[in-house]
Amino acid sequence: MDMLPLTREQAYQMVVEKIGVNNLLKHILAVEAGMRKLAEHFGEDVEYWGLTGLLHDLDYNETKNDEARHTYLTSDWLAEYNLPEEMLYAIHAHPGHVPCQSRLDYALFTVDPATGFIVACALMHPEKRLSALDGSFMLRRFKEKRFAAGASRENMAACTNLGLEIDQFLLLVRDGMVTISNQLGL
Ligand SMILES: [Fe+2]
C-alpha cells in the first residue's frame, strides 16, 4: 500500500478529540495493537491494519444509541481523506452491518471482542498483567460461558476464518496488547 492519506498521529488526535481519554480510548488502542500484531503475523501492511483498528469506533459516542448509524458517521467524517474502500468496509463489517469477506474484515471483527476478553482475563489472573497470560489460561476462560459474557465467543471463534485456532489467536492479540501495557495499565 502507498502512503495512507491519514497519518497515525492525525488519526490519534481525531480519536482523542472524539472519544476523550478514558476506557473507550484504551479499548481502541488495544484493538489497534491487536490489529498491528495480526498484520505482522500474516505479512500484511502493519500501518494500514493498525489505522483500521484505530478508527473503528470513532463515532461511538455519537452513535451508541443509534446502532444503525455506527461506523457510517465515521465514514462521513473521514470522506475528505479518501480512505481505501477496503478499510471502510472492514469498519462497517465489525458491528455486522455487512458480512466479513476479507482477512482484514475478519481480523477487526474478531479482535474487537477479544481485547475486552483479554483485559478481563488479565484482571482475574493472580498476577494481574497481560504478560502473565498463556494460551491455556485464556482457553479455559473462553470455555466458561459466564466469564466476560459480553465478549462474544461466536465472534471471536470466527478467527478460524483467518486460519487460527482460538488459543493461538488470543495469544497474538495478547502479544499486541503487551506492547502498550503501560497505556493499558496491565
Ligand atoms: Fe470496538
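Helix H8 (residues 135-143) and helix H10 (residues 166-178) have axes that come within 9 Å and cross at roughly 115°. The model you are looking at is predicted. Angles from 65 to 115 degrees count as roughly perpendicular, and H8 and H10 are therefore roughly perpendicular to each other. Their crossing is right-handed. On the H8 side, the contact is made by Gly-135, Met-138, Leu-139 and Phe-142, while H10 brings Ile-166, Asp-167, Leu-170, Leu-171 and Arg-174. Sorted by class, this contact has six nonpolar, one polar and two charged residues.

Now let us turn to another pair. The axes of helix H3 (residues 46-55) and helix H6 (residues 85-93) come within 10 Å, crossing at roughly 40°. That angle makes H3 oblique to H6. The crossing of H3 and H6 is right-handed. Tyr-48, Leu-51, Thr-52 and Leu-55 of H3 meet Glu-86, Met-87, Ala-90 and Ile-91 of H6. By class, the contact between H3 and H6 has six nonpolar, one polar and one charged residues.

Here are the two pairs together:

| Helix pair | Axes come within | Crossing angle |
|---|---|---|
| H8 and H10 | 9 Å | roughly 115° |
| H3 and H6 | 10 Å | roughly 40° |

Finally, find the iron ion. Its protein donors are His-27 (NE2), His-56 (NE2), Asp-57 (OD) and Asp-112 (OD), which lie 2.1 to 2.3 Å from the ion. Along the sequence, these donor residues follow the spacing H-x28-H-D-x54-D. Why is the arrangement irregular? The four donor atoms around the iron ion subtend angles of 86 to 171°, and this makes the arrangement irregular.

Note on methods: Residues numbered from 1 in each chain as written. Predicted model: local features only at pLDDT ≥ 70, side-chain atom pairs only at ≥ 80, totals over all residues. Heavy atoms only, no water. Axes fitted to C-alpha atoms, helices over the stretch in contact; angles between N-to-C directions. Helix = DSSP H or I, 4+ residues; strand = E, 2+ residues; numbered from the N terminus. Parallel < 35°, antiparallel > 145°, perpendicular 65-115°, else oblique. Left-handed = near helix turned anticlockwise from the far one by under 90°. Contact = heavy atoms within 4.5 Å. Nonpolar A, V, L, I, M, F, W, Y, C, P; charged D, E, K, R; others polar. Donors = N, O, S within 2.8 Å, 3.2 Å for Na, K, Ca; no water. Tetrahedral: all angles 85-135°; square planar, octahedral: opposite > 155°, others 65-115°.
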